[in-house]
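Hi everyone, thanks for coming. Let me put the structure up on the screen, and then we can walk through it together.

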Amino acid sequence: MVLDPAGPTCTCGGRGCLEAWAGSTGLLRLAREAAGSEGGGSALARLVADRGENLNTRDLAALADGGDLATAEVFALAGRRLGQAIGNIVNLLDPDKIIVGGGVAQAGDLILGPCRQVVPDLVLAAEAKNIPVVAAELGPLAAAVGAACLARELEQGG
């Protein structure tokens, strides 16, 4: 889903995709950009320098949970972009609930809080403005668990 055609390049080759804003790759890019603008003395800049290519979203979440405002703002920006996408999905499909999966969703309210603030502003139907937006219970293992269940079902002839 493209959120901003002039936005950052995505791993798919497009520009401004949801993944480029709110996926782990996009979140790491935002963190590196914020670290560069903060200067070398900030906690975020030190984390980015120390972890280098091994930087991951868990590192960022731990720093934000520890009170680092610059890192919390990285999650907030990603969360607002996620909320933009979810608002569009709700308008198009009218689901009863939105379940966010993947590793980034494990950041919990760091990303889902700002997301939930944006969604009601974008949803057109009054009865859908308070749609629940929750993290997937199985987290980043959901696809693997689903594949295992499907394999078991197929093996049992179901």
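Let's begin at one residue, Thr71, which is buried because its relative accessible area is 0%; buried means under 20%, exposed means over 50%, and partly exposed is in between, with a 1.4 Å probe and protein chains only. Thr71 sits in helix α5, residues 69-93. If we set aside neighbours within four places in sequence, Thr71 is in contact with Leu44, Leu60, Leu63 and Ala64, where contact means heavy atoms within 4.5 Å.

A word on what you are looking at: this is a predicted model, where local features need pLDDT of at least 70 and side-chain atom pairs count only at pLDDT 80 or more, while totals for chains, interfaces and linings use all residues. Residues are numbered from 1 along each chain as its sequence is written, and side-chain values use heavy atoms, with hydrogens and water left out.

Now let's step back to the whole chain. It has 7 helices and 2 strands, arranged along the sequence as α-α-α-α-α-β-α-β-α. Helices here are DSSP runs of H or I with at least four residues, strands are runs of E with at least two, and both are numbered from the N terminus. The C-alpha atoms fill a box of roughly 60 × 45 × 30 Å along the principal axes. Of the 158 residues, 40% are buried. Among contacts between residues at least 6 apart in sequence, 54% join residues at least 24 apart.

Is Ala105 buried or exposed? Ala105 is buried, because its relative accessible area is 3%. Not counting residues up to four places away in sequence, Ala105 touches Val100 and Ala135. The C-alpha atoms of Ala105 and Val134 are 8.6 Å apart, although 29 residues separate the two along the chain.

Leu138, Leu141 and Val145 make a nonpolar surface patch of about 260 Å². Such a patch takes residues with over 30% relative accessible area and no salt bridge, joining nonpolar side chains (Val, Leu, Ile, Met, Phe, Trp, Tyr) within 5 Å and like charges within 9 Å; a salt bridge is a side-chain nitrogen of Lys or Arg within 4 Å of a carboxyl oxygen of Asp or Glu. Areas come from the Shrake-Rupley method with a 1.4 Å probe, and for residues only the protein chains shown count as cover. Val145 belongs to helix α7, residues 142-155, and counts as partly exposed because its relative accessibility is 34%.
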